[in-house]
Amino acid sequence: MSALTPQSDMPTPTTDKITQAAMETIYLCKFRVSMDGEWLCLRELDDISLTPDPEPTHEDSWEDLTDVVEQLRDDTEDPDYLMANERMNLMNMAKLSIKGLIESALNLGRTLDSDYAPLQQFFVVMEHCLKHGLKAKKTFLGQNKSFWGPLELVEKLVPEAAEITASVKDLPGLKTPVGRGRAWLRLALMQKKLSEYMKALINRKDLLSEFYEPNALMMEEEGAIIAGLLVGLNVIDANFCMKGEDLDSQVGVIDFSMYLKDGNSTKGNEGDGQITAILDQKNYVEELNRHLSATVNNLQAKVDALEKSNTKLTEELAVANNRIITLQEEMERVKEEGSYLLESNRKVAKDRTADGHALTEARKQLKEETQLRLDVEKELEVQIGMRQEMELAMKMLEKDVCEKQDTLVALRQQLDDLRALKHELSFKLQSSDMGAKQKSELNSRLEEKTNQMAATIKQLEQSEKDLVKQAKTLNSAANKLIQKHH
C-alpha cells in the first residue's frame, strides 16, 4: 500500500469524504465496488474507513485509517462474510449488466449476435453467478466445478427446456461441461425463457443443494432477485451461431472497464480523482490477475495429474519390459531344453531300431483304436441327435394328445347336449302324436255330426218340399173356394 500513499504535493482526502464513499460501497472479495448511478467505482479495502474521524486532520487521518483497515482485514477473513460480499457484488454486477444490455440493445435497434460486447459481458456475469458456491467434484484431472449439472435439472422442472438441452448435447464442437453450460445460456436467451428457467431452478432448493454450498448465490435471496431481473431481457432479440464458436476454451473474465467511473469526479478534487483512478486500475488488474491465477492453478493441477499419469505409465512400461526380458529368457531356456530332448530322442531312436517294427504295429493299432473311437463318438452323436429328435417328437405327440383330449371332451359335451335335445324332441313328438290322435278322434266325431246334420238338412229340405206342396194344394183349394163363393 506504500505505492498508493498520497504524496506531499497532492491533497490528502479527509476521513469524512472516505466515510461518505464507503457508505455507498458493496463488497467483492477484497474489493469494494461503489455504485454511482449506473456505474461502478472500485476501491481497495485498505484505503477506506467506515467510521468518520471526529477531528479530521491531514497529519493523522491515514494513521487512523491503518487501524481501521487492520480491523477490516480481520473481519474479511470470515468465509461467510466474504461469501455475502461476493453475492451482493455479483447481484449488483448483474443489475448493471442487464440494464446496460437492454438500453444498448434498444438503442441499437437490431438483432444481437455473439460479437456484441455488452452481451458477452452479460454471459460472463451470469457464468460467475452460476459458478458462485459450486461444490467441487473430484475427477481424474483434479477438482472440477461446472454449472452444467444444475442447468440439466431445468428440463425436469420445465418440459419446454428439454429441446434446448437436447440441442446442446447434439452440438459436435462442445467437449466440456462448461462449454455446454454456455451454449445452454445462449439458447435460453434466444428462446426468451431464461428468466422462467432460472426461477423454476431457484425455487427447488432441495435439488440445488446437491450442487451448491448453503451460502451460494443460487441458494440465497440474491439468486431470486437476479432471476426477476432477467425478465427484462425478453424485449431484446438475439441470434447465435454456435457451430463455429469455441465455447470450451473461453476465459470468463468480467470487464469492469465497461462500468467503471470515478466515484469522486463530481465531488472530490483533482488529487482524489487521481488516487481513485489509480486504485481503479490497480483493482481491475488484481481482479484480472486473480482470474489468471485461478486458470494457472487449474492448468498446473492438470499438468500434475498428467505427470502422475505419465509416471504411472512409465512404471508400467518398465514392468512390461522386465516381463518381456523374463519371457525371452524362458524362451531361450525352453529352446535349449527342446534341443536337448531332440538329441535324446535321436539317441533313443538309434538304440531302439530293433523295436521299430513293434512300435509301428503299436502305432497302427493305436490309429485303428483311435478311428474306432471316433466312429463310436460319431455314432454316439447320431444317437444323441436321434434321442433329441425323439424327445422333441414325444413332446409334440404329448401336445397333440392333449389337444385331442380337449377336443374329445368338447365333442362329448356336444354329444350330451345333442342327446338331451333328442330326448326333449322325442318328448315333444310324443306329445304331438297324442294331440294328433285327439284331433283325429275329434275330426271323426265332427264328421259324424256333420253327416247327421247333413241327413237332418236333407230331411228338412224334404219336409220343406212337402210343406210347399201342401201350401200349393191349400192355395189351389182356397182359390177354388173363392171362385165358388163368387
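## A walk around helix α8

Of the contacts in the chain with a separation of 6 or more, 72% join residues 24 or more positions apart; a contact means heavy atoms within 4.5 Å. This is a predicted model, in which local features need pLDDT of at least 70 and side-chain atom pairs count only at pLDDT 80 or more, while totals for chains, interfaces and linings use all residues. Residues are numbered from 1 along each chain as its sequence is written, and side-chain values use heavy atoms, with hydrogens and water left out.

The chain has 486 residues, and 29% of them are buried. Buried means under 20% relative accessible area, exposed means over 50%, and partly exposed lies in between (1.4 Å probe, protein chains only). The secondary structure comes to 13 helices and 5 strands. Both are DSSP runs, numbered from the N terminus: helices are H or I with at least four residues, strands are E with at least two.

Start at helix α8, residues 177–191. Its 15 residues should span 21 Å at 1.5 Å a residue. The expected span is 1.5 Å times one less than the number of residues. The end C-alpha atoms are 21 Å apart, which agrees.

How many residues of α8 are buried? The count is 11 of 15, so the helix is mostly covered. The buried residues are Val 178, Gly 179, Gly 181, Arg 182, Ala 183, Trp 184, Leu 185, Arg 186, Leu 187, Ala 188 and Leu 189. What covers them includes α4 (117–131), α5 (148–152), α6 (154–157), α7 (162–170) and α9 (194–202).

Take α4 from that list. It packs with α8 at an angle of about 120 degrees, and the axes are 11 Å apart. Axes are lines fitted to C-alpha atoms, for helices over the stretch in contact, and angles run from 0 to 180 degrees between N-to-C directions. α4 and α8 are therefore oblique to each other. Angles under 35 degrees count as roughly parallel, over 145 as roughly antiparallel, 65 to 115 as roughly perpendicular, and the rest as oblique. α4 passes α8 in a right-handed crossing. On the α4 side, the contact is made by Leu 119, Phe 122, Phe 123, Met 126, Glu 127 and Leu 130. Val 178, Arg 182, Leu 185, Arg 186 and Leu 189 make the contact on the α8 side. As for handedness, a crossing is right-handed if the near helix is turned clockwise from the far one by less than a right angle, and left-handed if anticlockwise.

Glu 127 sits in helix α4. Is Glu 127 buried or exposed? Its relative accessible area is 6%, so Glu 127 is buried. Not counting residues up to four places away in sequence, Glu 127 touches Phe 147, Val 178 and Arg 182. The C-alpha atoms of Glu 127 and Gly 181 are separated by 8.5 Å, and these residues are 54 apart along the chain.

Now turn to α7. α7 and α8 pack at an angle of about 140 degrees, with axes 9 Å apart. They are therefore oblique to each other. Their crossing is right-handed. From α7, Glu 163, Ile 164, Thr 165, Ser 167 and Val 168 make the contact. From α8 come Arg 180, Ala 183, Trp 184, Leu 187, Ala 188 and Gln 191.

α8 is followed by Lys 192, which lies in the loop between α8 and α9. Phi of Lys 192 is near 60 degrees, a positive value in a residue other than glycine. Lys 192 has 31% relative accessibility, so it counts as partly exposed.

Phe 240 lies between α11 (221–229) and α12 (270–351). Phe 240 is buried, with a relative accessible area of 8%. Beyond residues up to four places away in sequence, Phe 240 touches Asp 113, Ser 114, Leu 119, Phe 123, Arg 186, Leu 189 and Met 190. Phe 240 and Arg 186 are 54 residues apart along the chain, and their C-alpha atoms are separated by 7.2 Å.

Next, α11 itself. Helix α3 (residues 79–108) packs with α11 at an angle of about 5 degrees, with axes 10 Å apart. That makes α3 roughly parallel to α11. The contact uses Arg 87, Met 88, Leu 90, Met 91, Ala 94, Lys 95 and Ile 98 of α3, together with Glu 222, Ile 225, Ile 226 and Leu 229 of α11.

Last, the cysteines. The structure holds 0 disulfides, a disulfide being a pair of cysteine sulfur atoms within 2.5 Å. Cys 241 is exposed, with a relative accessible area of 59%. Cys 402 is partly exposed, at 42%.
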